Each structure stands twice: as structure tokens, then as C-alpha cells.
Amino acid sequence: MSPTTHAPTPARETHRSQRWLAGGVDSPVRAGLPVGAPTPALVEGHGSRVRDEDGREYIDYICGYGPVLLAHGDKRVARAVSKAAAAGTVFGATHPEEVRLAQRLVAAFPSMESVRFVSTGTEACMSAVRLARAFTRREKIIRFEGCYHGHSDDMIFSAGASSLSAATIASGVSSGVIHDVLVLPYNDIFAVDRTLRARRNEVAAIIVEPVAANMGLCLPVAGFLEGVRDLCRSFGAVLIFDEVITGIRLGAGGAQALLGVRPDLTCLGKALGGGLPLAAFGGRGDIMAKLAPDGTVFQGGTFSGNPLSVAAAHALLDAIESETGFYAALDARATRLAAGLRSAATALGCGATVVQYGSMVDLRFRLGPPHANMRESSQADPRSYAAYYQAMLERGVLLPPSQMELMFLTASHGDEDIDATVAAAAAALKAACRAKDKV
Ligand SMILES: Cc1ncc(COP(=O)(O)O)c(C=O)c1O
């Protein structure tokens with residue numbers, strides 16, 4: 001597939017969907033409110049490219065919002081899934097491949113002594129938080145503004161991604177839940193310290209994205225995660241790393257291996273399932289022992305650890321292990337993309353900042369050094385991004401329809417994709433600059 005240059009027209013499928021799907025979508029970000037149009041209705045994907053129902057092709061940087069790490073339609077994953085499907089898709093009993101996958105994760109993540117599989121990142125984070133409450137017998141949770149940990153009641157307000165939920169009953173969250181969740185600014189270790197001192201013996205857990213990827217790409221400042229680790233130890237709170245995005249995407253042992261900070265519990269998801277729904281949480285043995293049936297914390301799921309998703313996960317891990325330098329090659333492609341976007345933005349002087357970490361790239365219309373928290377992330381100019389998104393779409397490049405989300409690369413994004421994207425961006429940024437000038 002090669003990307004085509006075209007003026008996008010509203011996708012037929014999108015208009016039809018508005019009658020039958022609530023709001024026209026199954027996840028609000030797909031409605032594309034920040035860019036003024038829904039993401040085109042996609043019918044297939046191969047490698048780094050996707051095709052919409054009108055036959056237009058795009059170089060894809062949404063990539064399922066993170067799960068696609070090898071390629072769209074990867075043949076190794078497809079073969080494994082189809083073989084598993086022919087042997088029964090769900091049993092409601094443990095099967096050996098599920099156990100073998102748990103062994104592989106425990107080997108890759110030294111902080112995890114055992115794991116439990118679930119189907120979504122939301123479930124993983126929700127279950128880890130419940131477990132931490134039971135383990136500590138405390139009720140309050142600390143999390144950080146702009147981080148996103150799924151859409152459970154505890155996690156949805158003042159969150160990142162495209163949640164846009166306020167801490168009110170209008171978001172469907174009860175005041176009891178709001179009362180038990182303390183939301184602090186990311187990267188502010190003094191706020192964490194103050195809160196733990198003021199709430200001595202009340203805080204069950206701190207949940208954090210070690211590399212925050214839901215308010216654009218926001219890196220932890222030096223000492224932040226280490227400080228949170230120490231404070232959790234001092235105040236008896238469980239440290240939960242939400243590595244739903246970063247876990248398998250950044251390297252075999254996730255962000256925790258790269259950054260050298262060991263959490264008590266870890267949540268995985270997205271890329272873990274090789275493109276199928278699979279997530280997990282795991283960690284210290286004494287904490288995991290509180291889970292039923294051994295302990296008192298119930299958590300379960302009809303499709304948890306299902307053979308299809310597990311087969312896809314093994315195929316993904318096999319593919320990564322079979323390719324020496326898999327992550328180095330992937331990250332090098334992202335570095336090349338970020339460098340190209342950065343120089344295009346600098347040449348035009350249109351005030352865009354590019355941040356990259358591993359295979360994640362963020363371009364946002366905001367002057368100054370990269371943002372360190374949600375307040376700074378919100379200073380990005382939405383009109384410029386909307387104009388840029390549309391101009392890139394016209395040039396055959398599919399970006400996330402919100403500055404809160406990132407560009408994700410896969411192993412199938414080649415140098416030709418990167419060069420085509422940078423060339424498109426050089427032209428599209430001009431459109432974005434013009435949009436800003438009109439403000
Ligand atoms: C860091 C993080 N945690 C949790 C979730 C929730 O995962 P899911 O959408 O699979 O429920 C997401 C989803 O975007 C995420 O980015």
C-alpha cells in the first residue's frame with residue numbers, strides 16, 4: 001500500500017454509525033472533537049498503512065493508540081491466532097499457554113513475582129488499586145493529573161487522554177469516590193510529600209505512568225519516580241506503575257527497567273496482546289497473595305487469559321526475541337521521525353515542540369521547553385493542531401485526532417514512511433502556522 005494524496009471527504013461509514021452507535025463511536029476519542037472530524041472509518045491495515053472505506057490509504061500513527069507494535073496484519077500473529085481459534089477460543093479453565101505467558105512476563109519484569117491476566121488496561125488498573133486498598137487496609141489513592149488509567153470510577157476524573165471528565169456527579173462519579181482520590185500535579189514530588197504527611201496512614205497506593213503518555217508525551221523529571229518510590233516505602237503506600245502503554249512498547253522490561261525504579265505492582269496492556277485484547281497486573285508476592293482464591297480480593301473475568309489473546313502475545317514476544325536489536329531499530333526510526341519533524345517546525349518558526357521517547361513521538365503547538373505536567377500540556381494551541389491534523393490527513397498521514405494522544409510507531413514503519421511523513425509535515429505545518437496567525 002502506498003499513501004495517496006487526497007482531500008478527505010466525510011466517511012460514509014461514520015455518518016451511518018451516528019444513527020446506530022451511541023455518539024457514532026465506541027470510544028469518544030474516535031469522534032475527533034479536537035480536530036473537528038471523526039477519524040476516517042478504517043476497513044483494513046497492512047504493515048504501517050491503513051485503508052479507509054473509500055479506498056484511501058494513510059501512513060498510520062494511531063496504531064490502535066499503542067497496541068500495534070509489529071505491524072497491522074502481522075502474519076506471525078495472524079497465523080498464531082487462527083491456529084488458536086481453530087482449537088477453541090475460550091474455556092473458562094486455565095490452559096498451559098496462559099501459564100507459560102505468565103512465566104515469560106515474570107522473567108522479563110523482576111518486580112513481578114506473579115501476574116494475573118485481564119482483558120483491558122482499565123481492568124488491570126482498577127484491580128491493582130483494589131488490591132492495594134485491601135493489602136494496606138487504607139482507602140485513599142494518589143494519582144496524577146493528566147495520567148490516564150482507564151475509565152473506572154476512581155480513575156476517570158481529572159485524567160489525561162481524551163477523557164474530559166470533571167470531578168462531579170455529572171461525570172457519573174459519586175462524591176464518595178471523588179473524596180478518596182487525591183489528584184496531584186505530575187512531576188511535583190513536594191506535593192506528594194506534603195500529601196502523604198497530611199494523610200498519614202490513609203493512602204493505600206500511588207498510581208503513576210512512569211512515562212506519561214496521555215497528556216502528550218511527558219517525561220518524568222530527574223528524581224521524581226525515585227522520590228515517589230522512597231515516599232511510598234516511608235509511608236507504607238503501594239507503588240503502582242501503570243505501564244499499559246510503556247510495558248512492552250519500550251522494551252522487554254518496560255519503563256521500570258529503563259528508568260531503574262522498581263514498583264510494587266505493575267499494570268500491562270495494549271501491545272502485550274499483539275493487537276488482541278489482553279492486559280495483566282502483577283507484582284510483589286505478598287500483595288498478589290491477597291487475590292482470591294488465596295485471599296479476600298475478588299477479581300475475575302470470562303475472557304481473562306483467553307487462548308486467542310494469549311497466542312497473539314506469544315507470537316509477539318517470539319517475534320521480538322527473534323530479531324536482535326528489535327527495540328533499537330524501532331526507536332531509531334522514531335528518533336529519525338522526531339528529528340525530521342523538529343527541523344521542519346524550526347525552519348518554519350511556528351512554535352511546535354517535538355518530544356520523543358522510544359517509539360512514541362509527540363508534536364504539540366506550544367513554545368518553550370517540553371511540558372512537565374498537565375497544566376503546561378494544556379497551553380498547547382488546539383487550532384494549530386486541528387489545522388495540522390487535517391493537512392496531514394490530506395497528504396495521506398493519519399495522526400491521533402487530539403494533542404493529548406501520541407504518534408505510535410510500529411516495527412513496520414520504514415525509512416520511506418518516515419521521510420514521506422516529514423515531507424508532508426513540512427507542508428502541513430505551514431497550514432498550522434496560518435491557522436495560528438488568524439487567531
Ligand atoms: C496508561 C494507560 N492505562 C490504562 C489504559 C486503559 O486501557 P484500556 O483502554 O485497555 O482499558 C490506557 C488506555 O489508553 C492507558 O493509556
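The following paragraphs describe the surroundings of the ligand, then a cavity and a pocket in the protein.

The model is predicted, so that local features need pLDDT of at least 70 and side-chain atom pairs count only at pLDDT 80 or more, whereas totals for chains, interfaces and linings use all residues. Residues are numbered from 1 along each chain as its sequence is written, and side-chain values use heavy atoms, with hydrogens and water left out.

The ligand is surrounded by Thr120, Gly121, Thr122, Tyr148, His149, Gly150, Glu209, Asn214, Asp242, Val244, Ile245 and Lys270, each with a heavy atom within 4 Å of it. This shell comprises three nonpolar, six polar and three charged residues; here Ala, Val, Leu, Ile, Met, Phe, Trp, Tyr, Cys and Pro count as nonpolar, Asp, Glu, Lys and Arg as charged, and the others, Gly among them, as polar.

A polar side-chain atom of Lys270 is found 2.8 Å from an oxygen atom of the ligand, and one of Asn214 is 3.0 Å from a ligand oxygen atom. Tyr148 takes part through its backbone, a polar atom of which is 3.2 Å from a nitrogen atom of the ligand. Such polar contacts are pairs of N or O atoms within 3.5 Å. Of the 390 Å² of accessible area that the ligand has on its own, the protein covers 82%, as computed by the Shrake-Rupley method with a 1.4 Å probe.

Attention now turns to the spaces within the protein. On a 1 Å grid over the protein atoms alone, a cavity is a set of points where a 1.4 Å probe fits but cannot get out, while a pocket is an open set with protein on both sides within 12 Å along at least five of seven lines; lining residues have an atom within 4 Å of a point. A volume is the space filled by probe spheres set on the points.

The structure holds one cavity of 30 Å³ or more, and the volume of the largest cavity is about 60 Å³. Its lining consists of Asp362, Leu363, Tyr385, Tyr388, Leu399, Gln403, Glu405 and Met407. Two or more of these residues come from each of β12 (360-364) and α15 (382-394), elements defined as DSSP runs: helices (H or I) of at least four residues and strands (E) of at least two, numbered from the N terminus.

The second largest pocket contains about 560 Å³ of space. Among its 26 lining residues, Thr94, Glu98, Val115, Arg116 and Phe117 are the closest to its centre. The largest share of the lining, four residues, is supplied by β4.

Definitions and conventions. A polar contact is a pair of N or O atoms within 3.5 Å; within protein, one must be able to donate a hydrogen and the other to accept it, and residues adjacent in sequence count only if both atoms are side-chain atoms.
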